[in-house]
Structure formats: structure tokens, C-alpha cells
Amino acid sequence: MLPSIHQLSQTLVNKIAAGEVIERPASVVKELLENALDAGATRIEIEIEDGGLGLIRITDDGCGIVPSELPLAFATHATSKLTTDEDLFAISTMGFRGEALASIGSVSHARILSRTADSDAAYEIFDRGGAISDPQAAAGNVGTTLEVRNLFFNTPGRRKFLRGPSTEFSHISEAVLRLAIPHPAIAFKLSHNNRSVLDLPATTEIDRWLAAWPQEFIEQRLSVQTRDAELILRGIIGLPEMARPTAKWQYFYLNGRTIRDRVLQHALREAYRGLTEPGRQPAAILLIDMPPSDVDVNVHPTKAEVRFKDSGHMHSLILSAVREKLLGADLTPRAVPRDNTAPIIERRQLQEQLAAFFKQPPSQETFPSTPNAPAPEIKGGQSRSESEPQPKPRWASVIPETPRITSLPSSSTSATPAIQLHNSYLVAESDDGLIIIDQHALHERIMYEELSARLSRGPLESQRMLLPITLPASARQIDLLEQIKPLLARLGIELSQIGPSAVAIHAFPSFLSKLDPADFVTELLERGEQELLDLTQEEMLHGVLDMMACKAAVKAGDPLTPAEIEALLAKRGLIDRSSNCPHGRPTTLRLSLRDLEKQFKRTGF
Ligand SMILES: Nc1ncnc2c1ncn2[C@@H]1O[C@H](COP(=O)(O)OP(=O)(O)OP(=O)(O)O)[C@@H](O)[C@H]1O
Ligand SMILES: [Mg+2]
């Protein structure tokens, strides 16, 4: 027998909608909080029992609902937030579908208690799995209380997939925090089984943002702010060392709505490229405001994803704002964790103690002595580059004929010499302690920055081979060669395919003259076929430059002359991103006097 086509009952339709919107107790909390925000609440209290499976009660002091409209609040496709078709394309409220309460009511026992400012009494209404009662007078304050009990009582499948109360509650508290971050003027209180868990009084924007991050991140941040004709971007970003394997500490908002967006996430990660190890996720709270008509929020059941009219523009705005901020900051990681409770010691005293530590007389000038060495401390907000623009490096001297380190003019000589240890590490005095530098990692970063700056003026100089050098190559390597040929030409490497399984080197960069071209190209092709194939041109360029910088840089184990050490340290202050090598590993560690005192248990100072 043919199955007959028939219209679904309204309760079934609602349950299907609930399946999309209400995944777990935290989704109920999110919807109810959004309603409270749309109602203009200034204080919102969230009471949870048993991870939301026992009770979810959200009380706000917003505009309330008039008694005659209470049944509509639980009705499907009933909303006060959209009127005309055009409204859908410029949404400025969190809700607009008129679906959330109907969905929630269809899978729970829900109650609305609400009172408007001009009414003497409150009214209540119940929705028990789709059975909606008549409104009745009840006692209550101005505003709305929404209670949800027995969630998923009639959808056992969904209930089975829930985790224990503590896991469900952790999703709820995360949802509350996420929503609270862009709304600092609204007070939020969250309790679980009558125990207060989160109390966020109305506060400043920055204080509210910081409530979302662990305590130890708080000093380690920079603020970001930019705008153009259509967009305002503001927020805070964490220093690269705070990057974590997951995106847990990343929060993106669009017009006050929390969103997930691959384009924005990619832009953020791109901005940190070379500063964190690959795969790590920087911490960031970024809020974007734009005209509601430039974004479509009606693309995802829970509105967690949106569609931007111009996502390329968003990407470049975030990338440039974040990158600029990072380039202007001193990102040197500390050798031992920060101790916020240590007493603040005057800078002069610090210098004296440091000098004594090294059994040297105190010096007038502290290291690094380049006039534009970045500020040692980052206090959230202003980086020094905003007030003192960094000079452009002196490119004339930057690409040495051989990959040794060239000297800088004597004006940049340092008063306190650095020491080379084990032919691998340099140790030098800094404003508030000492720095330990990995000579290879730092030189690699310097070479990388100098090479990329040099490249922007045209192809690198190369030397032509008297006789081409031929090398065996696999089909995959030849494929790669076709992809990277133009890029290699810019870098001064000329390669061509000769025959089905060989390539020839015709020219090789002058500054790599110390290297054996055959060895270098063999390694380039071998590594390239694993790492470079199918990348974008920019990513490939980064990969090859990386390799060149690595090969050209001094190695661990290379003894350096005092002039070379001095030049290396002076350049550290002149180049961008000197804190990390192009692979993201640190070049420099910092040990403050305070750290040393702590380690030596010399706390009596
Ligand atoms: N806390 C509240 N205070 C005042 N009015 C509310 C509150 N919660 C809901 N309402 C009213 O009930 C209506 C229905 O709420 P519901 O959440 O179902 O839909 P919505 O917010 O309009 O759209 P969406 O389904 O996208 O959330 C709202 O449009 C609003 O008028
Ligand atoms: Mg809603």
C-alpha cells in the first residue's frame, strides 16, 4: 500500500523544530537569555538545578509581556521582533523566528510569569509539551520569569544523549559567559543547586571581557581596535605564548551575537603565523559591529553561523589589525612563569642587583641598546609602536654576500657585552633582568624578515651556473616544480625539468653561496613534495623562505665573534617578530631579576 501524504500535527512540527534548536539544557538557557536581552533587561538571574534537567529558571527585569499576548509567546512563528518581509534582511535583535519558546514548550513543562510596567499584576501561562493553558493572574515583579522543568520528557532519544548534570551545567555556564561578554552593562547571576557560581555585576567593557579569560592571561594581552566606513572591530588578543591546542579562549561576536566563523578564525590564526607553533589557537575576544543589512543571520538553526556580504573584507581587516598589533609589541616569552604577588622593585635597584649578579659594575645603558628596542613589558592596550614608530631596517646592509652576520654602525654598540655560551646561546642584560637567546633561532628570524623585505623590491640576486647541475627528481617533485617555478625565480633559483625524471639547476641565490646548490635543491624538492604541494602561493613562499633562512643562519655550535654577537643583538631590536623564529619557536627567553630572586629564594630584598 502506498503511504499517504499528510500534513504533520502542530505538536510534531514543534518537536522537529526543537530538535534543531534545543540540543541540550544549555541551548534553552541561550534562547531564554537572548529573549531577556531583547526585552531590554539590565539584570538577569539564572537558576539551575541538576544541570538544567531539574529546573532552568531565568528572571529578567525587561519590558514584560502583556497578558493577552502570553499565549502567542508559546505559539509558533509568533514574534514581536519582525513585522515586514524587509525586516528579515536587517535584523538587530537576537531573536526573530518566533520559534524558541514554542520549541522549548513542546519538549518540556514550561511556565512564563510576566508583568509589564503599567500593570498592577503579573500573569502566568503554562505550556506542557504543547498543551498551552490560559493566562492567569499571579504574584510577580515587573519583568519576565521563564521556568523550564522536565526537559525532553517526551523525547527520550534526546534525553538519552545528555551527559551528567555537571557536564550539562558546564555547558550552561559557558553559554552564560559567552552571552555576558558583549553586554557589560547588564548584570548576570548564575547559580547551580542554590550555590552561586557566577556573579557578573554591570561593569566596564574591558572588565567584562577579562571575566572570560583565566587569571594568568590577564597581563598577557594586547587590545585591538580599528574601524572603517562600515565596520568597527574591537577586543583583546592574547600574547602568542598563550595559544592553546584548542580554540577554547577564542570568542567572536557580531553585533552582540556570539558566532562561529571559519573565515574570522583563519584570519586570526594567520595573524599569528610564525609566532605560535603550527596548530595552536591564539586567545582572542573580538567584537565586530556592522550594519545589520551587511550580514545574513538567518542561515543556521541556532544562529551560531552567519553569512557576511563581504567576508574577504572581514578577513583582511582582522588579519591586518591583529598582525599590526603583534608586530608593534615585545613578545619575548618569560623563562619562568610570572609571579604577580612579588613586590615591585624600582628599576635602578633592579639594575644594581643584576650587575651584582654578574659581578660587573652597573652600566649606564641597559641591553639591548638599539634605540628602538621594544618596551619590555606589555600592559594591555597601547603598544609602544603607536607612539614611537619603528624605523625601517637598513636594507642596504641586510643581505650579506655570505651568510655571516654583518656589523652595524658603532652608534648602536651595547654598553654591556653579551656572552656566548656553548657556541649556541647568547646571554645579555635587559632592563629588568636578562635575556637568553638561541642564536640560530634569532638569526633565522632575522634572515627571514630581511629576505622577505628584500623580496618586496624585486627578485634576489643570483649566480648563474657555468654548467647546469642535474639532479634526479620524482614525478611528484616535477609537479611541484611546475607550481613553484615563478616563486623560485623571485628567490634567485632557476630550475628546469630535463627528461622525465631529472631537473637542472641553472642559477642559485648569491647569498646562499656557502651552500651546495645540489644539496639545497634536493632537500627543497623532498621537503616540498611533502609540505608545499597544494598550498597557496603565499604559503609556499613562506615555506621556501623559511628553509633559506634556516640554511643561511648561523647554527648552534658556531662560534661567533664579539662583533657578530653585537650585530645580531642590534638587529633583534630592528626587525619584526624577533621573539619567535619563523616556525614559531621562541628565539629569546626572558628572566627577570624577580624571577631569579624567587628561584634563589632570595626573597629578603
Ligand atoms: N523575557 C522576555 N521578555 C519579554 N518578552 C519576551 C521574553 N521572552 C519572549 N518574549 C516574547 O515572546 C516572543 C516569542 O519568543 P521566542 O523566543 O519564541 O521568539 P523570538 O525571540 O521572537 O524569535 P526566536 O525564535 O528567533 O528566538 C518574543 O518575540 C517576545 O515578544
Ligand atoms: Mg527568542
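Tutor: Start with the ligand. Ligand 1 is surrounded by 20 residues. T79, S80, K81, E99 and K303 are the closest of them. Keep in mind that this is a predicted model.

Now the polar contacts. A polar backbone atom of E99 sits 2.7 Å from an oxygen atom of ligand 1. G98 also uses its backbone: an N or O atom there is 2.9 Å from an oxygen atom of the ligand. T144 uses its side chain. A polar atom of that side chain lies 3.3 Å from a nitrogen atom of ligand 1.

Next, the helices. Two packed helices are described by the angle between their axes and the distance between the axes. Take α11 (residues 439–455) and α14 (residues 537–552). They pack at about 130°, with axes 8 Å apart. Because of that angle, α11 is oblique to α14. The crossing of α11 past α14 is right-handed. On α11, the contact includes H440, H443, E444 and M447. On α14, L541, H542, L545 and D546 are among the residues involved. The residues of this contact divide into 10 nonpolar, four polar and two charged.

Then α12 (residues 475–490) and α13 (residues 517–531). Their angle is about 105°, and their axes are 10 Å apart. Therefore α12 is roughly perpendicular to α13. R476, Q477, L480 and L488 of α12 meet L524, L525, E526, G528 and E529 of α13.

Methods
Residues are numbered from 1 along each chain as its sequence is written. Chains are lettered from A and ligands numbered from 1 in the order in which they are written. This is a predicted model: local features need pLDDT of at least 70, side-chain atom pairs count only at pLDDT 80 or more; totals for chains, interfaces and linings use all residues. Side-chain values use heavy atoms; hydrogens and water are left out. Axes are lines fitted to C-alpha atoms, for helices over the stretch in contact, and angles run from 0 to 180 degrees between N-to-C directions. Helices (H or I, at least four residues) and strands (E, at least two) are DSSP runs, numbered from the N terminus. Angles under 35 degrees count as roughly parallel, over 145 as roughly antiparallel, 65 to 115 as roughly perpendicular and the rest as oblique. A crossing is left-handed if the near helix is turned anticlockwise from the far one by less than a right angle, and right-handed if clockwise. Contact means heavy atoms within 4.5 Å. Ala, Val, Leu, Ile, Met, Phe, Trp, Tyr, Cys and Pro count as nonpolar, Asp, Glu, Lys and Arg as charged, and the others, Gly among them, as polar. A residue is near a molecule or strand if one of its heavy atoms lies within 4 Å of it. A polar contact is a pair of N or O atoms within 3.5 Å; within protein, one must be able to donate a hydrogen and the other to accept it, and residues adjacent in sequence count only if both atoms are side-chain atoms.
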